[in-house]
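Welcome! Here is a short tour of a protein chain, from its overall build down to a few single residues. Please take a look at the sequence and the structure first.

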Amino acid sequence: MTQPDANPLARTRADFPLLQRCIDGRPITHLDSASTAPKPRCVIDAVTGFYLEHTANVHRGVHVLSEESTELFERARQEVASFINAAPSEIVFTRNSTEGINLVASGLGLREDDEVIVTALEHHSNYMPWRVHAHAVPVGLLPDGVPRYEEIGGRLSPKTRLVALAQVSNTLGAIAPVAGWIAAAHAQGIPALVDASQSASHLPIDVRAMDCDFLVMSGHKLLGPSGIGVLYGKRERLEALAPYQVGGGMVKLHEEEHFVLQDVPWRFEAGTPNIEGAIGLGAAVSYLRNLGMEAVQRHSVKLGRRLVTRLRAIKGIEILADSVPDGQRIGLATFIVHAPGLGQENIARLLCDRHQILVSGGYHCAHMLHHRLKLEGTVRASTHVFNTEADIDRLAEALTEIVEV
Ligand SMILES: Cc1ncc(COP(=O)(O)O)c(C=O)c1O
């Protein structure tokens with residue numbers, strides 16, 4: 001009788017050609033997917049297949065290749081919709097999460113004194129747009145960086161137009177109590193935007209159950225191509241947003257006297273979209289769905305646990321959000337390495353140069369968090385479906401060597 005596979009995702013490794021890469025003749029250990037993730041072969045094939053077999057514009061041409069492109073593009077929208085339990089008409093293709101958030105920020109018609117509730121640890125992409133278009137009101141942080149989510153209710157005021165928070169922060173890896181803050185916002189008739197840039201690769205997402213009004217994702221972190229992202233919006237919310245770009249493809253009619261906007265979501269996709277990007281993203285989310293997002297979450301949480309356990313055991317390492325309860329962290333940990341004469345970016349570089357381990361080093365587009373915690377940078381290790389506990393053990397051994405020198 002065959003034994004059940006202890007790590008059912010371990011065999012996914014073979015699906016990612018990039019993981020065969022060597023540096024200085026030695027194989028890499030990839031722990032940097034929170035920045036951008038390697039692509040499985042099926043995504044690469046979907047993109048090259050489009051170039052080789054179809055390459056035509058969408059929603060415009062009348063010939064066969066154009067029909068095929070349109071069908072593949074719209075099928076990708078359906079794949080993405082099913083991935084998060086939305087309707088295809090609620091899926092706007094954007095360039096990335098940043099563009100999705102900017103689209104909402106400019107489309108809501110915000111005024112300078114309107115308020116948007118955020119946390120101090122939001123990625124710049126979910127902070128800057130609210131700062132520029134309105135007034136961003138951050139909730140506080142605990143000393144280890146975890147937001148005081150319970151403060152959200154108290155921050156809501158008649159000026160609040162939106163609550164916009166990450167479901168998983170790119171610096172902490174902690175899974176936020178999304179349902180609670182969305183309910184608090186809705187109790188006051190305020191819509192909520194979920195930044196799922198990090199969470200979508202690690203947790204099952206159901207926008208209906210979550211009841212968020214908007215949600216953004218980035219294709220490149222979800223094993224898909226760069227330059228493609230998603231803005232989900234409840235249909236009535238999308239219909240109330242003003243398009244922030246105008247041009248070809250977003251109007252049904254354009255005459256001297258007037259023009260008529262396309263229906264949602266196409267009115268937000270002015271110009272030729274990233275067709276191959278959308279098709280690649282469709283392939284990426286079906287790949288993840290085939291693995292099963294519950295299995296992906298279990299795997300991620302297990303790796304998160306291994307990360308903190310191994311890092312905590314190294315003298316000279318401090319982990320951010322160390323107070324996060326067991327099981328509430330994806331496979332991501334950000335930490336400070338105390339090694340004489342070495343900054344955090346130097347540590348990340350050393351891990352690459354000496355050990356072929358790829359991690360992030362610096363501020364991770366979360367300056368406010370680092371500023372509040374008085375940190376001059378941090379190191380971040382982040383996993384995806386193909387990582388194993390052995391990758392984390394390799395990181396821990398390398399860090400032990402660095403701090404002990
Ligand atoms: C939590 C979070 N939000 C937003 C973004 C922005 O994503 P993108 O650069 O793909 O637009 C990132 C990227 O790292 C992120 O981690």
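## A first look

The chain holds 13 helices and 17 strands (helices are DSSP runs of H or I with at least four residues, strands are runs of E with at least two, and both are numbered from the N terminus). Its radius of gyration is 22 Å, close to the 22 Å that the globule rule gives for 405 residues, so the chain is as compact as a globular protein of that length. That radius is taken over C-alpha atoms, and the rule is 2.2 Å times the number of residues to the power 0.38.

This is a predicted model, in which local features need pLDDT of at least 70 and side-chain atom pairs count only at pLDDT 80 or more, while totals for chains, interfaces and linings use all residues. Residues are numbered from 1 along each chain as its sequence is written, and side-chain values use heavy atoms, with hydrogens and water left out.

**Overall build**
- Along the principal axes, the C-alpha atoms fill a box of roughly 75 × 55 × 45 Å.
- Of the 405 residues, 56% count as buried (buried is under 20% relative accessible area, exposed over 50%, and partly exposed in between, with a 1.4 Å probe and protein chains only).
- Among contacts between residues at least 6 apart in sequence, 67% join residues at least 24 apart (contact means heavy atoms within 4.5 Å).

**Two domains**
- The assignment gives domain 1 (10-36 + 292-404) and domain 2 (44-291), with bounds that come from an automatic or database domain assignment.
- The centres of domain 1 and domain 2, taken over C-alpha atoms, are 27 Å apart.
- Where they meet, 40 residues from domain 1 and 40 residues from domain 2 take part in the contact.

**Nonpolar cores**
- The largest nonpolar core has 59 residues, and Ile84, Phe93, Trp181, Val194, Leu215, Met217 and Val385 are those with the most contacts inside it (such a core is a set of buried Ala, Val, Leu, Ile, Met, Phe, Trp, Tyr and Cys residues joined through side-chain atoms within 4.5 Å).
- Helix α9 (residues 275-291) supplies the largest share of this core, nine residues.
- Both domain 1 and domain 2 give this core at least three residues each.
- A second, separate core has 27 residues, including Ile314, Leu350, Ala396 and Leu399.

- Helix α3 (residues 97-107) is mostly covered, with eight of its 11 residues buried.
- Among the buried residues of α3 are Ser97, Glu99, Ile101 and Leu103.
- Their cover includes β4 (91-94), α4 (128-133), β8 (192-195), β9 (214-218) and β10 (229-233).
- Asn96 caps the N-terminal end of α3, with a side-chain oxygen 3.3 Å from the backbone nitrogen of Thr98.
- Just after α3, Gly109 takes a positive phi of about 70°.

- Glu74 sits in helix α2 (residues 64-83) and counts as buried because its relative accessibility is 16%.
- The side chain of Glu74 makes a polar contact of 2.8 Å with the side chain of His59 (a pair of N or O atoms within 3.5 Å; within protein, one must be able to donate a hydrogen and the other to accept it, and residues adjacent in sequence count only if both atoms are side-chain atoms).
- Pro143 lies in the loop between β6 (135-139) and α5 (152-155), and counts as exposed because its relative accessibility is 74%.
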